Amino acid sequence: MNRRQFLAGGSATLALAAAGPAFAQQQRLRMIFWGSQTRAERTYAAADLFMKANPGTGVEGEFLGWNDYWAKLATQTAGGNAPDIIQMDYRYIVEYASRGAIAPLDDFVGTALNVADFDPLQVDSGKVGGKLYGISLGANSVAMMVNRAVFEKLKLPLPDASTTWDDFSQLAVEITNAGIRRGFYGAADGSKNEQIFENYLRQRGKALYTADGQLAFDASDVAEWFDMWAKLREAGAIPPADIQELDQQNIDTSLLTQNKVAVAYANSNELVGYQKLNKEPVALANFPRLTAESKGGHYRKPAMLFSVFAKSPNQKAAAEFISYFVNDLEAAKVLGTERGIPESSKVRDALSGTLDEVGKTMLSYVSGLGDLAAKLPPSPPNAAGEVLIAFQRTASGVAFGSQSSSDAAQAFVTEADAILKRKT
Amino acid sequence: MFLTPWLIGLFCFTLGPIVYSFYLSFTRFDLLTAPDWVGLENYRRILTEDPKFLASMRVTFLYVLFSVPLKLAFALAVAMLLNKGIKGLTLYRAIFYLPSLLGASVAIATLWRTIFSADGLINQLLWSFFGINGPSWITNPKYALWTLVVLGVWQFGSPMIIFLAGLRQIPQDMYEAASLDGASGWRQFWKITLPLLTPIVFFNMIIQTIEAFKSFTPAFIISGGLGGPVNSTLFYALYLYQEAFSFFRMGYASALAWVLLVIISLFTAISFLTSRYWVHYDD
């Protein structure tokens with residue numbers, strides 16, 4: 001019961017944590033989440049606090065990287081032995097809820113589960129078809145991770161709410177040309193980053209998906225998007241394709257962490273992880289504007305949610321654990337803002353005095369988006385994950401020069417449509 | 001009686017899943033809800049309208065075509081060197097066999113990624129000895145597959161051990177007689193060693209071909225699980241995994257697995273049919 005399996009990147013290590021005697025525990029809760037070592041340490045510390053406060057209940061957790069996580073969770077769900085508490089993403093909640101894999105939590109609200117101090121809009125972000133299937137663990141928004149030391153050294157202004165893509169391009173070119181070290185570029189190549197693409201579409205008054213799960217953009221949007229990045233690549237603002245491919249879309253392999261670029265793209269809550277792995281100070285900035293007037297590309301979303309497995313025999317205890325996780329002030333201190341800005345106003349107030357530099361940066365970023373932030377889009381359709389992979393592959397192809405922007409855009413839209421219509 | 005553990009294993013962990021996967025290949029199954037019978041739809045789609053199936057076939061065939069012959073040639077060459085009766089044979093044998101034990105493992109694939117990346121060992125050597133600024137091998141679609149072929153060839157240990165055993169079986173008096181007749185070493189190889197070794201070559205070829213078709217781990221680790229860049233390392237097994245566990249199409253993935261089984265069987269059958277023209281059994 002006091003054994004937890006640390007699973008990261010395929011290698012398993014076993015760590016022992018001291019907890020109460022096993023015989024005193026009547027029930028055992030299992031929890032699964034994705035994330036980095038930093039997240040794991042904080043989560044286990046909060047679980048230990050919960051076990052101290054509830055001597056009858058044991059909690060054991062398992063964590064994996066994002067890619068492996070969904071494969072494992074799907075397999076466990078199919079086998080009927082998924083953990084009681086499941087970390088859920090906004091991208092997948094519709095899929096899991098509509099197929100009956102996670103339990104509605106409405107009956108526990110007010111008793112085992114306390115969301116009284118939540119902003120009602122944020123509670124609703126965990127609803128599917130009017131029922132509550134997930135509790136937000138924190139709010140975040142997409143952001144640029146900026147190596148502040150590089151900007152200060154070159155006496156360049158940090159990108160802010162007034163920066164346009166043209167300004168950004170100039171900044172990036174200047175950094176590259178400054179030649180800080182061999183193979184150092186202004187910014188990472190974001191052409192295959194769906195989140196920046198979504199931000200770009202929203203600034204043009206479009207979106208990734210319509211409410212009924214169809215594409216909400218057309219090939220010309222994609223072609224212009226690829227062209228924008230091709231120009232940045234040509235100008236030397238971003239690295240060539242084979243360097244960009246070294247980024248495996250996690251904090252460890254990010255080109256910012258690898259010290260090859262001064263700007264990378266991520267979610268605001270990941271600042272905790274980025275700052276831990278980067279020696280130089282990391283700042284947050286919003287994505288650039290298309291024009292001085294454009295707005296509303298960003299939105300605040302649940303960084304992640306906790307859901308409860310539909311076949312869990314311990315649903316009430318699981319709800320109690322989630323409630324503790326999002327409301328308890330002691331737990332909040334160890335969790336900090338690593339999963340985003342806490343949703344409970346009481347927790348936010350209690351934390352505000354004790355926040356470290358990283359937490360303050362994040363809080364002021366997420367609450368200070370102003371006119372850059374607009375409404376939360378509907379949660380994406382089931383096949384969105386596959387469309388994303390097609391998007392990334394197409395963008396790589398353009399970056400390597402194997403296809404022109406317009407051909408690639410047309411091919412991608414055709415492929416994405418086929419994926420969304422596919423039945424088997 | 002003594003077979004019981006083996007039989008239980010066979011029925012529970014081998015035959016059961018095989019039969020179940022055959023059933024699933026005729027269904028739509030997303031892991032979360034119950035399978036839904038769709039008849040031959042999965043097979044129809046694989047064979048008529050799946051560009052990724054063709055892309056992964058192309059990658060896999062290229063890999064088999066290049067890695068297997070190179071690996072066998074390398075294994076045979078090293079086996080012949082070791083067969084010269086050098087001192088410390090067991091030590092060398094162990095050293096050369098080591099990559100095969102490690103080869104498919106996660107650690108080696110990660111190491112490979114580091115060696116062949118933009119500022120990896122290979123490029124540092126190229127830079128310091130030849131002044132060449134090398135590309136990032138593993139993340140460039142032009143070279144990514146070939147770094148995996150090199151990784152495959154490097155794991156020549158197990159065919160080498162088998163070759164070594166085969167070489168020991170060849171009677172020494174044949175070579176002595178040939179030397180007396182004035183045959184060169186090269187000629188002895190072509191006229192004595194290779195013909196007598198053909199059964200071993202055949203065996204190794206079959207085993208290695210099947211292994212190469214099933215290759216998964218190196219591409220999975222090196223491409224970050226997606227078969228990139230631009231599908232250049234989308235091995236068949238990787239595509240199958242993607243369909244099953246990234247896109248939750250267990251039914252379709254099962255159908256892909258059965259198609260692979262048919263392809264491997266065809267390959268093996270053709271090898272056996274043609275073998276009587278080039279494999280010499282000593283009788």
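Mentor: Contact here means heavy atoms within 4.5 Å. This is a predicted model, where local features need pLDDT of at least 70, side-chain atom pairs count only at pLDDT 80 or more, and totals for chains, interfaces and linings use all residues. Residues are numbered from 1 along each chain, chains are lettered from A in the order written, and side-chain values use heavy atoms, without hydrogens and water.

Trainee: Leaving aside neighbours within four places in sequence, which residues is A:Phe321 in contact with?

Mentor: Sequence neighbours within four places are left aside. Seen that way, the partners of A:Phe321 are A:Leu29, A:Met31, A:Ala47, A:Phe50, A:Val59, A:Ile85 and A:Phe306.

Trainee: How many residues has the largest nonpolar core?

Mentor: A nonpolar core is a set of buried Ala, Val, Leu, Ile, Met, Phe, Trp, Tyr and Cys residues joined through side-chain atoms within 4.5 Å. Buried means under 20% relative accessible area, exposed over 50%, partly exposed in between (1.4 Å probe, protein chains only). A:Met88, A:Tyr96, A:Tyr265 and A:Phe321 have the most contacts inside the largest core, and its residues number 201.

Trainee: Which element gives the largest share of this core?

Mentor: Helices (H or I, at least four residues) and strands (E, at least two) are DSSP runs, numbered from the N terminus. The largest share is 12 residues, and it comes from helix 3 (residues 51–82) of chain B.

Trainee: What is the area buried between chain A and chain B?

Mentor: Buried area is the accessible area (1.4 Å probe) that two parts lose on being put together, summed over both. Here 31 residues of chain A are in contact with 39 residues of chain B. Carbon and sulfur atoms give 59% of the buried area, which is about 2900 Å².

Trainee: How many salt bridges are there between chain A and chain B?

Mentor: A salt bridge is a side-chain nitrogen of Lys or Arg within 4 Å of a carboxyl oxygen of Asp or Glu. One forms between A:Glu386 and B:Arg249, with the closest N and O atoms 2.3 Å apart. The count between the two chains is three.

Trainee: Which element gives the largest share of the side of chain A that touches chain B?

Mentor: Elements giving two or more residues to that side are helix 2 (66–78), helix 3 (93–98), helix 9 (241–244) and helix 15 (384–399) of chain A. The largest share is eight residues, from helix 2 of chain A.

Trainee: Why does the pair of B:Glu243 and A:Arg422 join two chains?

Mentor: Their side chains meet in a salt bridge at 3.5 Å, N to O. B:Glu243 lies in helix 12 (residues 236–246) of chain B and A:Arg422 in the segment after helix 16 (405–421) of chain A, so the pair joins two chains. B:Glu243 is buried at 1% relative accessible area, and A:Arg422 is buried at 16%.

Trainee: Is A:Arg289 buried or exposed?

Mentor: A:Arg289 forms a salt bridge with A:Asp371, their closest N and O atoms being 3.4 Å apart. A:Asp371 is partly exposed, at 43% relative accessible area. At 8% relative accessibility, A:Arg289 counts as buried.

Trainee: Which backbone oxygen does the side chain of B:Thr27 reach?

Mentor: B:Thr27 sits in strand 1 (residues 27–28) of chain B. B:Thr27 is buried, with a relative accessible area of 0%. At 2.7 Å, its side chain reaches the backbone oxygen of B:Leu24.

How values were computed
A polar contact is a pair of N or O atoms within 3.5 Å; within protein, one must be able to donate a hydrogen and the other to accept it, and residues adjacent in sequence count only if both atoms are side-chain atoms.
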